[in-house]
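I set out to look up a few features of this structure and to record what I found. The entries follow in the order of my search.

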Amino acid sequence: MIIPKLHYISQGSSLKEHLVNIQKACTSGIELVQLRLKNVSEKKILALANEAREITSHFQTRLIINDHYRIAKEVKADGVHLGKTDACPTIARKHLYTWQIIGGTANTIQDCETLIGKEVDYIGLGPFRVTTTKDNLSPVLGLNGYTAITEALKTETPIIGIGGITTEDVTEILKTGISGIAVSGEITRNFNTIRTFSQLLSASSTEEQRHTFK
């Protein structure tokens, strides 16, 4: 499965607002949505995941569930994203369907190596900069951190940058060897940025193709 280059991480001040924003992101052409709910009961997450699955299926958008791999399996989401304190990817893999993907959160080279060893499908590496959507933030990586980690790893596993990323950052981030980005705040503020992000990300892949054929 090819991992899309742009992920939208759901945001909202209420459960209803998460769904409204997921719908807006799908309407605006997002390829992958991650349903991320914190401090909400599993029962509510399951109900919301079912609704999110209906919305994303209609648009043929991929849906990833944050943390809860059993819910990801139950609603037949496209996969699960596991944070550092969530379940181990190896355990989650045993429960999921073979076609479901697993992403993992990383902040250091060691985190990445551990996840690669556990055969995740992609790594969410961050934070790129200080972000308000997350408590207990790991050390900020910035462009230098990204470059150091991608150069040390030399991995085929897609690495997705995350954490306060704006459209202005994309071109520089891609130069570090990062293959895509996950965005929450910037997109929620203006869903039209999805088009801008997508154009910037696809411009990089056409450039890669040009270099390959030389």
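Entry 1, cysteines. I note at the outset that this is a predicted model. I searched the whole structure for disulfides and found zero. A disulfide is a covalent bond between the sulfur atoms of two cysteines. I then examined Cys112, which is in no disulfide; its nearest cysteine sulfur belongs to Cys88 and is 16 Å away. Cys112 has 0% relative accessibility and therefore counts as buried. Cys26, at 4% relative accessibility, also counts as buried.

In soluble globular proteins, nonpolar side chains tend to be buried together. I found that the largest nonpolar core has 51 residues. Among those with the most contacts inside this core are Leu6, Ile30, Leu35 and Ile187. Helix α2, residues 42-58, supplies the largest share of the core, five residues. I looked up Leu35 in particular: leaving aside residues up to four places away in sequence, Leu35 touches several residues, including Ile45, Leu48, Ala49 and Ile65. Another core, of eight residues, lies apart from the largest one and includes Ile3, Ile9, Leu32 and Tyr122.

Entry 3, aromatic rings. My search of the whole structure gave three aromatic pairs. In one of them, Tyr97 and Trp99, the ring centres are 5.4 Å apart and the planes meet at 5°, so I recorded the pair as stacked. Tyr97 is partly exposed, at 29% relative accessibility, and Trp99 is partly exposed at 42%. I also found the charged end of Lys73 over the ring of Tyr97, 5.0 Å from the ring centre.

Definitions and conventions
Residues are numbered from 1 along each chain as its sequence is written. This is a predicted model: local features need pLDDT of at least 70, side-chain atom pairs count only at pLDDT 80 or more; totals for chains, interfaces and linings use all residues. Side-chain values use heavy atoms; hydrogens and water are left out. Rings of Phe, Tyr and Trp (its six-membered ring) pair if their centres lie within 6.5 Å; planes under 30 degrees apart count as stacked, over 60 as edge-to-face and the rest as tilted. Buried means under 20% relative accessible area, exposed over 50%, partly exposed in between (1.4 Å probe, protein chains only). A charge sits over a ring if NZ of Lys or CZ of Arg is within 6 Å of the ring centre and within 35 degrees of the ring normal. A disulfide is a pair of cysteine sulfur atoms within 2.5 Å. A nonpolar core is a set of buried Ala, Val, Leu, Ile, Met, Phe, Trp, Tyr and Cys residues joined through side-chain atoms within 4.5 Å. Helices (H or I, at least four residues) and strands (E, at least two) are DSSP runs, numbered from the N terminus. Contact means heavy atoms within 4.5 Å.
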